[in-house]
Amino acid sequence: MTGPSLSLSKKLTHLKRVIETTTTTEQCKSLLEHCAKTKSLRTTKGVHAHTITLGLLQSHVLSLLTAAYALCGHTSYARKVFDELPERTLLSYRSMIRMYTQKGFPNIALKLFGKMLRSDKHKPDRHTFPYVIRACSDLFLLQQGVAIHGLTVISGYMWDTFVGNSLLSMYMSCGDKEGARRVFDAMQARTVVTWNTMISGYCKNDSPKEALMIYRRMEDAGVDADCATVLSLLPVCGCLKDFEMGREVHSLIEQVGFWDSLSVRNAVVDMYVKCGRMNEARLVFEKMIDRDVVTWTTMIHGFISDSDIKSALWFSKRMQLEGVKPNAATLASLLAACASLPHLRLGKCLHGWAIRQDLQADVSVETGLIDMYAKCNCFRLGYQVFAKTSKKRTVPWNAILSGCLHNELAREAIELFKFMLSEAVKPNDATLKSVLPAFAIEADFRQALSIHSYLVRSGFVTRTEVATGLVDIYSKCGNLDNGHKIFNGIPKKERDIILWSTLIAGYGMHGHGETSLSLFNEMVQSGVKPNEVTFTSVLHACGHAGLVDDGLCLFNFMLRNHSGSLRTDHYTCMVDLLGRAGRLEEAYELIKTMTFEPSHAIWGALLGACVIHENVELGELAARWLFKLGPENTGNYILLGKIYSAVGRWKDAENVRLLMNEVGLVKTPAQSVIG
């Protein structure tokens, strides 16, 4: 028998003798207090048995028994004794609330707290409030948390550091950064836990800059960082991609001596990976004596993010050679690598490995497999994986819908979306991002009205991204009025460049060039900066509406103010615009001013215009460039032959046909020769 156990046995024996010779319960209380401190369930049960035998189950003893069982974590015994209490004490309530909160039953803890308040016999103290506040935090009950905050102020415990730290954590967990900041600013004494709670809270609430500011204030206050500080701070550096700050924290870790912690070393590697510094991450990795699956997975994911698939795969092999078993996160990262390559054979090998390791039911693995098969153009196998899922989680649905879109299966995506709704699975933003383009591709007005109705009922329609998708759907259906109404329903401050561009493109697509131009001008005046897609849409609209001067004016505006946004598409639109108007020489002069090599599309636009206006000289020049850039394209030969035929140069037209035969080209059946 070990020392402590022997000591407790002696105490029990001594207690029995004392109890047998006296009628006092003081020794019993002392031993129960010891049981509570040591959290010894066996000893607590022994004392419980002796008290029953000797008839010492008085109210105070029962209260101590409740606390002892609660601290031992035995919920059923603690609850049984608690329910038998003739009069419940503050100690018994506090112990039960603490136990239920720590055991993951915050709702029961809050119910007990409510009973305690309603009894009007006991007031919560500095040891009770933190666990009640934590219960609110676990359940994300902000309003209840605010009410309990008020109670701490009334009770005079607001200034207790332990209570204050609990309030900080609760507000941050519920996403109320302002509430947390008010508590923080009001605190008279702050410990390192206080500062750590604020740093990690800001990081978790997507406010890394504020987290960094709090850390700087912590330094100025002379508070020394601990292990929890650096574990909260390193993700902040990674999120901000602040390499210099990350290196500063790394130096602090080595100076203070936190390097012995594997979780800290993993966090350093992760920070360098998120900062895009794979060389630094690898240096830290190679210096590590012991590594776990998290270390390896972080490196593999980093290589994949850095588009270094070869290194990612090599590391996965090296990991297994060193005896580290990959987990679901590792497998999900490797499947993402296969999807990006795409590499179907390796993806199938990983699928087999997942089955052997019994990881195929993990949601991240399921999603990775569905996505991998879709990106490898093997949708059928991806659907087989999806068919085996529980059908109750949103993420696999999003993956299969995205897979449909990747494989140009718009109708199937819409049917799957309807099936998803019938299964009572709630869509999220990612779901709509995957499925709305399918409705646009189908361009079915009845379907458009149906999805619009659903989005209104579900409340999604107020989101700018969703509204953009609807505008695109109605535009593709040719119903510009409905699209414009949705656009007008979005507050001006929330209209981003994508929404504007979608509406402008919709009008341009249907030949309403003047409206597209008017919307473009309105957008610029509202302070939204156009991007290359917007410019392409407006120039395309001008071309289809024959607005040559307006198109030239816009292009010159781009040259003056947005020259960095100029792309091949913009020059193609301008050559097409000038060419359609018969201003072929201007189109050719524009091509000569280009700062980068003209593409096949630009010369093709010029050749097409030459066919329309029967310009042999420029047509020949454009054709020579096209033959050089794409000698296998039969359409270019046919267009040149058509120019020769139009001006009566039959011999040259015949020579073009013979040239096609010489290079082994045959006109593709049903290929149009219309410029």
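**Close-up 1. R649 and E620 pair up in a salt bridge.** In this predicted model, local features need pLDDT of at least 70 and side-chain atom pairs count only at pLDDT 80 or more, while totals for chains, interfaces and linings use all residues. Residue numbers start from 1 along each chain as its sequence is written, and side-chain values use heavy atoms, with hydrogens and water left out. The N to O distance between R649 and E620 is 3.3 Å, where a salt bridge means a side-chain nitrogen of Lys or Arg within 4 Å of a carboxyl oxygen of Asp or Glu. R649 sits in the loop between α38 (634–646) and α39 (650–662), and E620 in helix α37 (residues 616–629), so this is a link between distant parts of the chain, 29 residues apart. Helices here are DSSP runs (H or I, at least four residues), numbered from the N terminus. R649 comes out partly exposed at 34% relative accessibility, and E620 is partly exposed too, at 21%. For these labels, buried is under 20% relative accessible area, exposed is over 50%, and partly exposed is in between (1.4 Å probe, protein chains only).

**Close-up 2. Shared partners build a salt-bridge network.** R282, E286, R291, R318 and E322 are joined into one network this way. Zoom out to the whole structure and the count is 32 salt bridges.

**Close-up 3. D125 reaches R94 through a salt bridge.** Their closest N and O atoms are 2.6 Å apart. D125 belongs to the loop between α7 (106–119) and α8 (129–138), whereas R94 is part of helix α6 (residues 90–102), so the contact ties together parts that are 31 residues apart in sequence. D125 counts as buried, with 12% relative accessibility.

Close-up 4. E415 is partly exposed at 44% relative accessible area, and K418 is partly exposed at 37%.

**Close-up 5. Cysteines without a disulfide.** Taking a disulfide as a pair of cysteine sulfur atoms within 2.5 Å, the tally is zero. C174 is in none: its nearest cysteine sulfur belongs to C136, 7.7 Å away. C227 is in no disulfide either, and the nearest cysteine sulfur, on C237, is 15 Å off. With 25% relative accessibility, C227 is partly exposed.

Terms used
Helices (H or I, at least four residues) and strands (E, at least two) are DSSP runs, numbered from the N terminus.
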